[in-house]
Amino acid sequence: PMICPPGRLPASASPMAATAEQEQQQFYLLLGNLLSPDNAVRKQAEETYENIPGQSKITFLLQAIRNTAAAEEARQMAAVLLRRLLSSAFEEVYPALSPDDQTSIKSGLLLIIQLETQSSMRKKICDIVAELARNLIDEDGNNQWPEVLKFLFDSVSSQNVGLREAALHIFWNFPGIFGNQQQHYLEVIKRMLVQCMQDQEHPSIKTLSARAAAAFVLANEHNLPLLKHFADLLPGILQAVNDSCYQNDDSVLKSLVEIADSVPKYLRPHLEPTLQLSLKLCADASLSNMQRQLALEVIVTLSETAAAMLRRHTNIVAQAIPQMLAMMVDLEEDEDWANADELEDDDFDSNAVAGESALDRMACGLGGKLVLPMIKEHIMQMLQNPDWKYRHAGLMALSAIGEGCHQQMEGILNEIVNFVLLFLQDPHPRVRYAACNAIGQMATDFAPGFQKKFHEKVIAALLQTMEDQGNQRVQAHAAAALINFTEDCTKLVLEQVVTSIASVADTAEEKFVPYYDLFMPSLKHIVENAVQKELRLLRGKTIECISLIGLAVGKEKFMQDASDVMQLLLKTQTDFSDLEDDDPQISYMISAWARMCKILGKEFQQYLPVVMGPLMKTASIKPEVALLDTQDMENMSDDDGWEFVNLGDQQSFGIKTAGLEEKATACQMLVCYAKELKEGFVEYTEQVVKLMVPLLKFYFHDDILLTNSTSMPLLLECARVRGPEYLTQMWHFMCDALIKAIGTEPDSDVLSEIMHSFAKCIEVMGDGCLNNEHFEELGGILKGKLEEHFKNQELRQVKRQDEDYDEQVEESLQDEDDSDVYILTKVSDILHSIFNSYKEKVLPWFERLLPLIVNLICPHRPWPDRQWGLCIFDDIVEHCSPSSFKYAEYFLRPMLQSVCDNSPEVRQAAAYGVGVMAQFGGDSYRPFCTEALPLLVRVIQSPDAKTKENVNATENCISAVGKIMKFKPDCVNVEEVLPHWLSWLPLHEDKEEAVHTFNYLCDLIESNNPVVLGPNNSNLPRIFGIIADGEIHEAIKHEDPCTKRLANVVRQVQASGGLWTECISQLNADQQAAIQELLNSA
């Protein structure tokens, strides 16, 4: 193979073939060019390197590594490239080598380690050895490189420190190196590590062996006997953490954080010393900020991964909190802060930011019950401190704990808010800033109650703060004057003012109307005139503000400015092609368009041709991604804008986050257009579907996944106008991806949204939308979800037996339970839409799920299981009868027994089931309708039947009685039941069932039923009362045909003079008005 540096012909072009020596020389040139600072040279070299066949690469790289005369950088580069090659392309390259070549590579690498004098180079070769060993363990766990194990044993007991380091480094890098021999060598491994950790002469050996021990524990996190057996290594690891920190090396401390994160139970036998050490290091100001924050991270991580275990050590928590607060006081004085034009992103590695984040996470992890009493006094003292830094830190701490201490703070929110508002008047600007921050954070953490309770005082105080910018020209009575002319006001203040106005409008909604004319002219002025590059963010925020105000005050008020605003936006939009990709206006524009669409409705359609280009461009941003190993990560972690997901086994997945938020926003806006414009959006459905469907596999950003799954049924609705063929093609494009996503999505919030959308899509598409393969795959997935549901419940029962179980663990188990049940509701949604579309012919497919659904309704299961299990059988009766009766042996008894269940949700599902049996079930169900009647009556007549938690179940029982009388009249004595039934009307909580009952009432009146009308129509005033109350409670929508029937009943009576007067006179004023409203509407 030929390699030629840029600008040189390959030697093979000449008749004389180059010798291996020349090729190797050319390869050194190439390595030099790969390190070149010149981009063009480097790119060319990378291409050349990529084109060398793999086996030749190995030869050249090994030769370069061996050659101690070569330049140090070139050798190091060669070592990195060889490790990467083995990591990314092992299967393509290594097995194709001859056995002799393989052997010489293996022995060659071990030899180089023994000869290498340079410590950093030796490490890099150890990394290659570890990588090769990782790939040479076969599927049965046999290590096919036994020599490497011998090398480890020999080196670790060698007199040569370099070799001892090498052995530990290899083991640290690949702790699984013993493969299936691990158990056999366990004692030896332990002895080896203990021995090295006791090496007082060589700190590097102590550090490396502690890291190796930690890596071994992490690699065996599920092997409980092994963790127990290695518990006595922990004191040595802790000693090494302490010693290495004072030698300015935080690698062992990082390993301890990883253990706290992945294997917290390993720390239990020595938890107290672990926590004490972490506290000591955190408090030691002689250490670097980074080390102190890592030490705190051990405690904070445990509060998340082993909260119950940590809660037993309240003394430590009580000491850690003042540490975090002390970090938060670590602020710099900065003369220019108040007028700085750009707010620096608070230093991410500053102690203040780290302390705040730790407090937030700890409050969430351990819960407010423990944290709030511990921190309250500290915060109160800080807020009374004459030093501004303490007051600032106290307010930031209050912001930080809101989410975790939500429940405990809710009760005293009024006092907290009043207290914080005082600090908006603080003499120090940064304390006022922190007070604004606290208000903003509480508004998020305690929404929507916070807005309802405190809007008046908070908005007044914020507006006042906006006026008081130390600028005497700002008249106190008009906040708008603040933004009248940009020259007297720094850009930063303006940006914050505009953002504040926007959030006030967003919260106040129609209450903002009186302020509209004050603000709108000034805001339009900014959009027209703030065109300089440094004002882009201000202009973007102002565009956002205008659109939020428009949404708040509504179409009528906003219309006077709408066309001006649209023209301004269009002008920006047409200049859009000139905007740079990272222009902050773009994402503000995109959101503003969507709000304008909500305000203008169908009238917005005319602007789509201008809007869609940039929107699709932003939604199509492809993020940079990379698969990296630990070594590469260490080089990249400083490069901002990358986020990493650890895949285990020393590998991580990196994604550059720039543009992701914009992408997410753009996707949300596309959904908004589809939803608002419906068929008006049809021109764009195809390109949007082609963009959205592949993004169902986009794991890097939950919002993007959520948005895309929501969009599917909406896009189908839009496409409907193009006819069935177009619609079916579009559905085929989506369907596979949706089913795959349901099978693979790990996040339960995203998963439930995808399942919900899939169910909605089936409703839109109807019968025939799924083929046999779809059914096969979907059946397997749903079966898996149900089996997982039962398994998770068992696991939670096991956790309830754990020694650290306490009420907060129970709370988190309840949360897990809720999210599991939520997935169950979505399984029910999907089955509902399938039964609804396919009717009886889908039952044979359903039978593979039948045993699991029957399991849901067993009497010992939790009530949500029984509720949703019954709902699924309700759907089968409703949509698949009369065939449904063949499953009667599984569900009829449980259903009838559940009519009187303790849980109202279960009663509701059972009563609904009885109703659909009567309505759709066919003759086989008749005896069961008779049997159900007294059970239904018992529920309806119980004393607390109408309380808030019971009313829905009760109304379903009343409706079921009505359905039995209407559809199975020969099963009951209708004349006897009817007077009771009338006395229970009207229904007003369950709107669907209300329609059924009113329709049946109309049937009875229209057929002049003597029981209902009473002798000489004496019951009519009572019936009028029922109709009027139904109207008052909006039990029936005016567009429902039932409304017309009720109005006709009333009109017939109206025509008969005296009877009408008698009926109306017995109604109160509200009822009379309701009857009038009914007549007007129909």
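## Before we start

Residues are counted from 1 along each chain as its sequence is written, and side-chain values rest on heavy atoms, with hydrogens and water left out. Since the model is predicted, local features need pLDDT of at least 70 and side-chain atom pairs count only at pLDDT 80 or more, while totals for chains, interfaces and linings use all residues.

## A helix to begin with

Let's look at helix 32, which covers residues 660–677. Helices here are DSSP runs of H or I with at least four residues, strands are runs of E with at least two, and both are numbered from the N terminus. The expected span of a helix is 1.5 Å times one less than its number of residues. For the 18 residues of helix 32 this gives 26 Å, and the end C-alpha atoms are 26 Å apart, which agrees.

Where does helix 32 sit relative to the rest of the structure? It is largely enclosed, because 13 of its 18 residues are buried.

## Salt bridges

Side chains of opposite charge can pair when their charged atoms come close. A salt bridge is counted when a side-chain nitrogen of Lys or Arg is within 4 Å of a carboxyl oxygen of Asp or Glu. How many salt bridges does this rule give? The count is 46. One of them joins Lys190 and Asp232, with the closest N and O atoms 3.1 Å apart. This pair links distant parts of the chain, 42 residues apart: Lys190 belongs to helix 9, and Asp232 to the loop between helix 11 and helix 12. Lys190 counts as buried, at 11% relative accessibility.

Asp804 and Arg268 also meet in a salt bridge, at 2.1 Å from N to O. They are 536 residues apart, with Asp804 in the loop between helix 37 and helix 38, and Arg268 in the loop between helix 13 and helix 14. Asp804 is buried at 5%, whereas Arg268 is partly exposed at 24%. Both belong to a network of salt bridges that also links Lys265, Arg312, Asp802 and Glu803.

## Aromatic rings

Rings of Phe, Tyr and Trp (its six-membered ring) pair if their centres lie within 6.5 Å; planes under 30 degrees apart count as stacked, over 60 as edge-to-face and the rest as tilted. The whole structure holds 26 aromatic pairs. Phe27 and Phe60 are stacked, because their centres are 5.0 Å apart and their planes lie at 15°. Phe27 is in helix 1 and Phe60 in helix 3, so the pair ties together parts 33 residues apart in sequence. Phe27 is buried at 0%, and Phe60 is buried at 6%.

Phe153, Phe171, Phe178, Tyr185, Phe216 and Phe230 form one aromatic cluster.

## Charges over rings

A charge sits over a ring if NZ of Lys or CZ of Arg is within 6 Å of the ring centre and within 35 degrees of the ring normal. Arg211 lies over the face of Trp172, 4.5 Å from the ring centre. Likewise, the charged end of Arg722 is over the ring of Tyr726, at 5.1 Å from its centre.

How values were computed: Buried < 20%, exposed > 50% of the residue type's maximum accessible area, 1.4 Å probe, protein only.
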